[in-house]
Amino acid sequence: MQNPSAFEKRIKRRISARPHVFFAVYPPGLGGVCEKEVLQVSQKAREIFSDHYKISDIKVLPGGIEFKTRLKTACLANILMGSSTRILMRLASFKADGFRRLEAQVKAIDWELYLPHQALADIRVTTHKSRLYHSTAIADRIRPIVHDRLCLKDTLRHHDVTGSAGSIPQTLMVRGENDRFELSLDMSGTPLYKRGIKEKIVKAPLRETLAFAILTRLGLSEQDTLVDPMCGSGTFSLEGAMMQCAMPPGAFRSFAFEAWPGFEEKSITHARNKLMAAAWACMDAGALPPIPAQDLDRTAIDHLKQTCTRDKVFQRICPVCDDFFNLKPPPITDNQGVIVLNPPYGIRLDQNDDITTFYKKIGQKLTADFKGWRAGIICPGKKEFLALNLGLSTMPLFHGGLDLYTAIGVIGR
């Protein structure tokens with residue numbers, strides 16, 4: 001058994017004080033938004049911690065943004081980033097064309113510095129064009145090595161991974177391509193689009209990462225009046241309420257890294273509290289306008305009302321059960337109105353409804369009553385986008401297995 005002070009020194013020297021490589025995974029189409037967020041995290045880390053915690057070596061890669069920084073900044077990134085699905089910490093990269101080489105490389109990693117004592121690792125393996133290609137066999141070779149280093153008892157090894165070292169699973173990602181293997185730890189735990197705010201949702205809800213990206217593209221500011229007239233579970237309203245007062249997307253949830261030996265709890269708690277206090281101060285200033293949110297689904301509205309009681313940041317959301325076509329626009333000045341719609345389609349739409357006609361009516365309503373407003377309207381396909389007839393630009397998105405069109409721009413231009 002190591003002397004605790006000696007172990008802590010190893011953690012500080014090998015984990016906390018060194019920069020590491022991280023990878024922020026983003027949904028298809030959100031690379032630009034995600035890259036800007038990484039730069040913003042770097043600036044915020046310098047403000048809260050010091051210049052030693054800035055981010056460097058930023059690279060836009062397929063599926064994610066790679067960057068280099070210290071662990072504390074990467075923890076902050078999980079709390080601050082609204083467009084990323086998860087953030088991975090790179091552990092090792094090596095060639096292995098056989099199990100002996102694979103096992104030797106895995107044994108060389110000081111697992112006890114990264115994962116909590118007696119943690120069960122959920123090992124997820126993908127391979128492409130490698131001699132070692134059987135994902136289950138690879139995981140079976142890696143698992144006992146990791147568990148031995150974490151002093152995991154044999155009787156616990158076959159238990160469900162969610163039952164170990166706290167309630168958040170610890171996931172090891174193993175990716176093999178052309179005999180080169182890359183090992184990464186998932187810092188986030190549950191995907192980052194799960195903000196920890198909603199307790200109940202309606203069917204086919206919009207993911208928070210997509211709503212965040214659309215509102216970012218629309219340039220939502222604290223002066224804008226945001227209207228969410230087909231709100232469903234209220235994703236647009238909730239994201240907008242947080243964005244307008246700079247409440248961190250991850251303010252209300254926990255993360256896998258919180259169980260890591262290198263997690264600096266006191267420092268991250270201070271940073272989180274500082275960010276939330278600034279958001280609450282913005283709310284207390286009283287300058288932010290109400291957010292009208294409505295839907296025909298009474299159950300969805302009831303759920304959203306319940307969600308809005310979670311924190312005062314959400315209490316300016318005004319959920320009502322009503323039809324979009326009855327909506328009267330609130331007064332705005334200087335093009336400071338933003339309207340966002342996620343109309344029902346697929347399983348959310350009655351089979352007897354003509355979806356193209358429905359989108360045509362939406363376009364007519366917006367042209368008549370919302371001229372000059374900035375709009376973001378999710379469309380399941382090109383024909384629905386064209387049926388709007390609003391002359392807006394498109395923002396490609398991928399959600400729920402569908403390639404979506406998002407009509408985006410200023411109505412009446």
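**View 1. Asp122 and Arg124 form a salt bridge, with their closest N and O atoms 3.0 Å apart.** A salt bridge is defined here as a side-chain nitrogen of Lys or Arg within 4 Å of a carboxyl oxygen of Asp or Glu. Asp122 counts as buried, at 18% relative accessibility, whereas Arg124 is partly exposed, with a relative accessible area of 41%. Buried means under 20% relative accessible area, exposed over 50%, and partly exposed in between (1.4 Å probe, protein chains only).

The model is predicted: local features need pLDDT of at least 70, side-chain atom pairs count only at pLDDT 80 or more, and totals for chains, interfaces and linings use all residues. Residues are numbered from 1 along each chain as its sequence is written, and side-chain values use heavy atoms, with hydrogens and water left out.

**View 2. A salt bridge joins the side chains of Arg374 and Asp224, at 2.8 Å from N to O.** Arg374 lies in strand E12 (residues 374-379), and Asp224 lies in the loop between helix H7 (208-217) and strand E8 (225-227), so the pair ties together parts that are 150 residues apart in sequence. Helices (H or I, at least four residues) and strands (E, at least two) are DSSP runs, numbered from the N terminus. Arg374 is buried, with a relative accessible area of 12%. Asp224 is also buried, and its relative accessible area is 2%.

View 3. Glu47 counts as partly exposed, at 47% relative accessibility. Lys44 is partly exposed as well, with a relative accessible area of 28%.

**View 4. Salt bridges link five residues, Arg10, Arg14, Asp110, Glu112 and Arg149, in a network.** By the salt-bridge rule, the count comes to 22 salt bridges.

**View 5. Leu275 is found in helix H9 (residues 265-284).** At 10% relative accessibility, Leu275 counts as buried. Leaving aside residues up to four places away in sequence, Leu275 touches Lys44, Ile48, Leu76, Leu80, Ala246 and Pro248. Contact means heavy atoms within 4.5 Å. Gly98 is 177 residues from Leu275 along the chain, and the C-alpha atoms of Leu275 and Gly98 are separated by 48 Å.
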